[in-house]
Amino acid sequence: MQWHTGLLSLLFALLVTFYKPVSAIYADEASVIDFHLAHVGTPRVSFLHAPVVGSGKLAYVGTEKNVIAAIGLKSGDLLWRQIVEGDLVDAKASGERIVVLSQSGTNVILSAYSATQGHLLWSSPFLSQEAIEPSVSVSDVNAVLLTDGGLVRTVDLTDGTVAASWSGHDGVTVYTNVTHTADGHIAVVGTTSNIASSTLSTTMLDAYTLALSEILVLDTTVMSPSDVLHLSPRLLIWKNGETLEYVTLGKAQVRELQAPANVGHALAFSSRTGRSILVQFHHSATFYTVSAEDGSLVLKYTIQNPGGSDHCAYSAAESDEEFYTRSCIQGDIGHVEVFGVAESGVVKSWRVDLAAAHSTGHFGGVLAASSEIMTAVDGLMGRVLLVTVDGSIHMWRDSMPLWTRHESLAHTTHATFVDLPDPSVSKEMADEETHEGLSAFLKRVTRHIGEAHHIPAFISGWATRFAQGEYEASPTGTSAGIARDTFGFRKFIVTGTEKGKLAALDTATGKVVWSQFYQGNSAVGLWTVRNASPDHPPVVAVLLKGQGTMDWLELNALDGTVVGSESWTGSFGAAFAIEGIQGPEDTLSVAVVSQEGALKVFPKDKGMQAISATSTGIRFAFTNGSSAVQGFELDATTASAKSLWKIDFPSAEVVQSISAAGSNHVASIGRVLGDRSVMYKYLHSQLAGIVTTDASASSVTIYLVDLARGTIVHQARHGDVDITKSVSIELDENRVVYAFWSVGPSAGTQINVLELYEHEKPNQRFDPVPLDYVSRDVDLQPYVVGQAYFYPARISALATTQTRYGITKRDTIAFLPDLNMLVELPKSLLDPRRPKKDMKQMSTAEKEEGLMPYDPILPDERRWVISHQNEIFAVKDIISSPAYLESTSLVFAFGLDMFFTRVTPSQSFDKLSASFSKGQLVLTMIALCAAVGLTSPMVRKKQLNALWGVQ
């Protein structure tokens with residue numbers, strides 16, 4: 001046996017040497033089996049700017065996701081983007097630079113980026129002592145920064161250094177706005193608080209040295225600094241009670257602006273030349289010109305807003321003339337109107353047919369707009385950059401919508417995969433299953449006769465697929481429309497956002513198939529509640545939360561039409577699926593629980609029956625963000641969630657997340673060891689992982705809690721943890737994987753892997769063997785095997801691959817936020833049973849089990865990267881879904897960006913690769929057939945001669 005053992009050791013050494021746990025995708029598969037949607041988020045700031053004199057303009061946006069980006073006006077392509085440090089406050093253009101103001105804690109950060117390439121040119125942080133929003137003004141020479149409610153600095157745009165500073169702190173005046181003036185000064189607007197109101201003042205400073213020129217106290221009052229409506233290089237406009245007042249900068253004379261009574265909310269837009277201004281009110285808008293003699297505003301004319309201002313946005317156009325635009329969306333029609341100041345009324349208008357250009361849903365009204373008007377031989381031409389209420393960005397040129405960026409998808413919080421209808425299964429085939437004997441036979445023959453005309457197309461399609469090696473298309477040979485492919489790689493991904501936008505993506509193209517917008521709501525739950533069948537389309541359900549209201553919507557997953565809905569008034573506590581989908585006709589039941597414990601189940605009758613019928617009960621855990629977790633059980637009799645237990649963790653610990661195990665298929669109840677013995681898995685259907693952090697001790701604690709009894713079956717505490725970074729956890733079968741950033745002797749990510757078994761010894765189980773772990777009268781404590789690994793990159797999201805039958809090994813998908821990569825970590829490397837010994841010391845059983853020697857450091861292996869060259873920003877969550885091939889799992893990551901791909905954890909063992917030489921196989925078969933045909937007469941003659949005794 002020594003030679004056998006030695007040969008086995010040699011073979012295992014070769015296996016480990018050439019071990020390739022994960023293969024990166026081939027170059028020709030990039031952007032074919034996957035898609036990447038790069039987003040920027042909903043803009044807070046947007047403007048058009050030519051980065052180089054004489055060049056075309058680009059669209060620049062600073063967004064709610066703290067992204068500064070440049071977008072091409074012709075195509076809508078993202079030219080560059082950067083995530084700024086802290087929360088983005090403002091962004092302005094100055095020649096070849098984009099200056100960005102952001103705030104992070106007590107730091108105010110002023111940064112400059114290249115307008116053409118997006119490179120960071122410089123970044124200057126300034127310590128802020130006051131919780132007052134900073135302000136910035138930019139000229140061709142410098143930037144003026146206002147912080148702390150009174151500290152003004154001039155910043156050199158070449159390197160970010162401070163050239164001069166001025167402090168206006170006097171204990172009573174708070175400065176909130178700053179601008180470069182038309183006469184070459186710096187104007188700072190301040191408010192001085194009195195008992196009932198505040199006075200307004202403008203302070204004029206030298207543009208270079210910031211030497212004080214004068215302080216002008218205005219004869220007016222404001223209620224708060226937010227009453228300042230508009231500050232331009234020439235004018236300051238504010239609200240005094242129900243009237244509007246203004247002043248020319250550098251002068252003290254206060255004038256009342258002619259405006260409608262009861263002003264309410266107002267917005268002002270100043271032209272590029274500063275010679276005119278537009279003030280938008282709730283129901284109207286008024287145009288004014290600036291007098292060249294005394295700087296007063298002269299009313300020109302007033303227009304009414306069509307159907308209220310909720311659908312429209314005004315902008316001062318980039319133009320040599322004094323033009324303004326009004327952009328509106330009402331239903332499927334968009335309108336752009338150009339107004340001049342010299343002549344009253346509309347000078348040009350365009351009607352935009354959105355239904356023809358966007359068959360993917362609605363976007364709400366227009367939130368903001370930036371426009372450019374050019375004079376051509378045949379009249380005016382215009383381009384308008386729009387931001388709609390749902391968060392999307394649009395570009396219209398005259399009456400033509402050029403492109404739409406679905407930036408609402410950057411706010412996605414929930415997503416679900418939807419299986420598409422099988423084109424090979426028709427209603428007739430489904431009807432055959434309801435018949436027996438001769439009747440079923442006759443129906444099948446009738447169907448075959450009716451489908452005979454598809455034979456030529458099928459043969460042609462099969463030959464094409466065979467020749468090209470492409471079997472992912474529909475097997476019918478004809479266009480099946482919305483239908484799954486042969487291997488189930490094509491699905492829809494339905495997403496829900498915090499802004500109330502629902503959208504479906506096609507995994508084959510990455511394009512939005514349909515979308516719906518429910519303004520004022522946010523998605524708090526999303527499920528595929530019914531699979532596709534020959535008689536019914538697949539259905540998704542979304543739970544929307546509004547201002548004190550809840551809405552349950554069921555939608556046709558193929559086109560987004562609503563097939564069922566219910567609304568009610570109440571709070572939101574938790575929502576979860578009750579049971580898995582058993583067949584095409586079955587509907588998934590979903591429970592919705594309010595913070596007060598009231599229960600609603602959809603569909604009501606079937607859901608309540610499911611709750612009553614379950615033998616183990618349906619339980620969940622809930623926390624309000626404190627150091628306590630409370631467990632509940634659904635009660636169908638009282639239609640409520642009754643409290644079962646409560647766990648009070650140490651007061652210094654704060655609950656960060658509660659995670660439950662997924663509903664993956666369990667292919668085996670045990671793990672087979674190298675000596676053919678079995679370690680039986682601890683498969684608890686109601687096990688939750690709870691993560692708590694302790695800021696005072698810089699520690700994180702992981703609790704595994706039995707939801708049925710509220711008992712802690714395992715806990716692990718880790719110190720030297722940076723709790724400002726996220727802790728990710730993933731539960732699957734009997735396996736728990738969690739990762740956090742350690743700041744110990746070697747900073748990096750610590751990945752801990754736990755596997756739970758029924759007994760420490762192989763072939764031993766609980767006595768008696770439980771049908772489940774919930775209905776027992778006593779706690780069943782698992783035997784836990786754990787191991788820790790060090791990974792050099794930070795991890796912020798984890799997921800486990802899913803396959804159709806659960807036979808393929810389950811790898812861990814992780815997102816690396818500092819590298820903007822998605823990686824697939826092999827299960828064989830994240831194995832807690834890896835022995836702490838070298839290869840020579842490993843037993844034969846350990847080698848036959850396929851274990852590798854323990855190495856605490858996981859390599860930075862780029863073959864594990866499944867996002868290849870794509871930079872994926874700010875992923876919040878990862879989901880996976882099985883394909884029809886057991887080898888393949890579909891993976892979808894979403895956050896700021898979206899990325900979809902498919903992975904094969906155990907390699908593609910059930911599908912030939914596209915490079916397989918089918919032509920050579922056919923030639924070999926033909927050659928074999930020819931050889932058999934040629935040699936068979938010779939063999940028969942030889943056999944006959946042998947029977948006659950002929951030599």
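Helices (H or I, at least four residues) and strands (E, at least two) are DSSP runs, numbered from the N terminus. The model is a predicted one, in which local features need pLDDT of at least 70 and side-chain atom pairs count only at pLDDT 80 or more, while totals for chains, interfaces and linings use all residues. Residues are numbered from 1 along each chain as its sequence is written, and side-chain values use heavy atoms, with hydrogens and water left out.

Begin by selecting helix α4 (residues 437-450), where leucine 438 is found; with 59% relative accessibility this leucine 438 counts as exposed (exposed means over 50% relative accessible area, buried under 20%, partly exposed in between, with a 1.4 Å probe and protein chains only).

Select phenylalanine 576 and phenylalanine 620, a tilted pair at 5.0 Å centre to centre with 45° between the planes. The former lies in strand β42 (residues 574-577) and the latter in strand β45 (residues 619-622), 44 residues apart. Phenylalanine 576 is buried at 17% relative accessible area, and phenylalanine 620 is buried at 9%.

Then select tyrosine 682 and phenylalanine 766, an edge-to-face pair at 6.3 Å centre to centre and 80° between the planes; both of these residues, tyrosine 682 and phenylalanine 766, are buried.

Finish with Phe47, Tyr60, Trp80 and Tyr113, which ring pairs link into a cluster.

Methods. Phe/Tyr/Trp six-rings, centres within 6.5 Å; stacked < 30°, edge-to-face > 60°.
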